[in-house]
Amino acid sequence: MKKLVIATASFVAIAAMTLAGCSARTDTGTGTEAAAGFAADASIGVALPDKTSENWVLAGQLFTDGLTAAGFKPDVQYAPASNTVAEQQNQITSMVTNGAKVIIIGAKDGSQLSSQVEAAHAAGATVIAYDRLILNTQAVDYYLAFDNFKVGQLQGQALLDGLKAKFPDKKSYNIELFSGSPDDNNAGVFFKGAMDVLQPKIDDGTLVVVSGQTAVAQTATQGWLAANAQSRMDTLLAANYQSTDLDGVLSPNDTLARAIIESVRSAGKPIPVVTGQDSEVESVKSIMAGEQYMTIYKDTRSLVSAAVDMVKELQAGKAVSEINDTTSYDNGVKVVPSYLLAPVVVTKDNAVQAYANNPTLEAAAKG
Ligand code: BGC
């Protein structure tokens, strides 16, 4: 009798979920299993961090447009510039309360969202980590990003290449290292990728970090804020480079690269080889002017459209097709099935060609 009651109850529950258009998502872990689908005009939550780079501003617009065009009701929210963690937690909670079927999250702090994404799961929503991984929870279904470790490796290799090209007669180069905000999981991954290339060259004496600051915590830039990178560079220059040349700087992104260049310029020193990431318009111009050495192109349009495609498949109850990596991104409790796009190195030499599919950046490269 008891068995029958349970069976009946679960039949009713499944029938109710189907009628309500709820997703009966399963957690078998391969990341590609089909779900039951949901209403074609469902609400889709998009929680983005604060606007620390142009790509975040663009992503918000593209999500609104892409999800609307696909027939969904987008609920796109940014964490505000202050109290961002708590605000983003509240935003995700209200997306769940409002019945979002998929919640796409660019985490402000990927280690502080477990309760919110677990509540989203409990309500039957699928959780997609966008660009930044969400840590220490089973309740993250997919990760969509440009391969962050690869970004770091490309930056490290470009720094070496740029130093050799700019100083053909030097046998060793003086450099400093910067990393991004410690609350963004990507910051550590970019740095690890870069050090994968740079550490052997530090060990063999090709590269000299004159300040001695090589630990990620020493190199961090709180909040990804330009002002913080600029003041650290001011301090490094005053303490270590009064009578020593600074040849290169590993900068994790364009905003910080421009701040570092500004600091060096204010100190009246020649501009070193400085790396970057994001292909921000001002940095593309700086590269073409021969100041910043390189950037990375991560086409936000591709990442957002991959996310929207994934939402369409989930809506239709199809298996998610865009997973190309099931080994690399361990969030502490699970390896999150990922769709990783390839980042592209851009220097003055290939900028026009690299941005050929992007009118805004192509125009910046052509001047
Ligand atoms: C993104 C970078 C960006 C940084 C600061 C990171 O998580 O991957 O593209 O430069 O955040 O906004």
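**Sheet order and ligand surroundings**

User: In β7, which residue is the bridge partner of I175?

Analyst: This is a predicted model, in which local features need pLDDT of at least 70, side-chain atom pairs count only at pLDDT 80 or more, and totals for chains, interfaces and linings use all residues. Residues are numbered from 1 along each chain as its sequence is written, and side-chain values use heavy atoms, without hydrogens and water. Strand β6 (residues 173-177) runs parallel to β7 and is joined to it by three bridges; strands are DSSP runs (E, at least two residues, numbered from the N terminus), and a pair requires at least two bridges. In β7, the partner of I175 is V209.

User: Which strands stand at the edges of the sheet?

Analyst: The open sheet has four strands with parallel pairing, in the order β7-β6-β8-β9. Two of these strands have a single partner each, so one side of each lacks a neighbour in the sheet: β7 (207-209) and β9 (273-274).

User: What angle does the direction of helix α5 make with that of β8?

Analyst: Helix α5 (residues 148-166) packs on the sheet and touches β6, β7, β8 (248-250) and β9, a contact being heavy atoms within 4.5 Å. The direction of α5 makes an angle with that of β8 of about 175°.

User: What percentage of the ligand's accessible area does the protein cover?

Analyst: Oxygen atoms of the ligand lie 2.7 Å from a side-chain N or O atom of T52, 2.8 Å from a polar side-chain atom of D131 and 3.0 Å from a side-chain N or O atom of N186. On its own, the ligand has 310 Å² of accessible area (Shrake-Rupley method, 1.4 Å probe). The protein's share of cover is 100%.

Conventions. Axes are lines fitted to C-alpha atoms, for helices over the stretch in contact, and angles run from 0 to 180 degrees between N-to-C directions. A polar contact is a pair of N or O atoms within 3.5 Å; within protein, one must be able to donate a hydrogen and the other to accept it, and residues adjacent in sequence count only if both atoms are side-chain atoms.
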